[in-house]
Amino acid sequence: MKIFLDTANLDEIRTAARWGIVDGVTTNPSLIAKEGSSFKEIILEICSYIDGPISAETTKLDAEGMIEEGREFAQWHANIHVKIPATIEGIKAAKVLSSEGIKTNVTLVFSLNQVLLAAKAGATFISPFVGRLDDVGEDGATLISDAVQVIERYRFSSDILVASVRSPNMVARAALCGAHIATIPFKVLESMYQHPLTDAGLKKFLADWQSMPKNQ
Ligand code: E4P
């Protein structure tokens, strides 16, 4: 499973890039708005740190507007994936952009039918928002495994990109469900490395090493 970072914060991206396991980055208008630079500047700077798919989201509501924005974003950098909402207009735009060879990420996906429609439009990535489903009492993990099953059964080319991840447990669930990608906030990614038994074991190993006679 590929690991993307779900942030537009350049410090977080630079730090995680050094960890050597980040395959791409997703952003959205809310994440970009927190950073205080221009959208294009942030996206291009992210492209300079991570050599992998970088999602940049359209903000128009009609297919024509999304297509125009998508074509422009795609010219900025070869790694840019145009993020489009799973609406009728968005799926129309995804179909056009995909047929032009522009990579897309259909976002705000909350049902298996939206997964099916995005796959039929040739979306590169399809992003079920599992945390937001869990927030309203639905089961995000079920949507991941159902989506993977549909993609595999009909041999669609789209990858399931698990989004709205809130905990390391959800990343593990995504991997067990066979998701192709999980996009993970920095804090959650950092916590995936942590286990108290690793810390305790390391402390004991180092204490035993220090207690050895120095000439051994
Ligand atoms: C990523 O593509 C999504 O925009 C992001 O994961 C949404 O996460 P949130 O539900 O925590 O805002």
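I found a polar side-chain atom of Arg 166 at 2.9 Å from an oxygen atom of the ligand, a polar contact being a pair of N or O atoms within 3.5 Å. For Arg 132 I noted 2.6 Å from a polar side-chain atom to a ligand oxygen, and for Asn 28 I noted 2.7 Å. The protein covers 84% of the 350 Å² of accessible area that the ligand has on its own (Shrake-Rupley method, 1.4 Å probe).

The model is predicted; local features need pLDDT of at least 70, side-chain atom pairs count only at pLDDT 80 or more, and totals for chains, interfaces and linings use all residues. Numbering runs from 1 along each chain as its sequence is written, and side-chain values use heavy atoms, without hydrogens and water.

I listed the residues surrounding the ligand (a heavy atom within 4 Å); among them are Asp 6, Thr 26, Lys 83, Phe 129 and Ser 164.

I then turned to Val 115, which touches Val 109, Ile 126, Leu 143, Ala 147, Ile 151 and Ile 160 (heavy atoms within 4.5 Å), leaving aside residues up to four places away in sequence.

Key:
A polar contact is a pair of N or O atoms within 3.5 Å; within protein, one must be able to donate a hydrogen and the other to accept it, and residues adjacent in sequence count only if both atoms are side-chain atoms.
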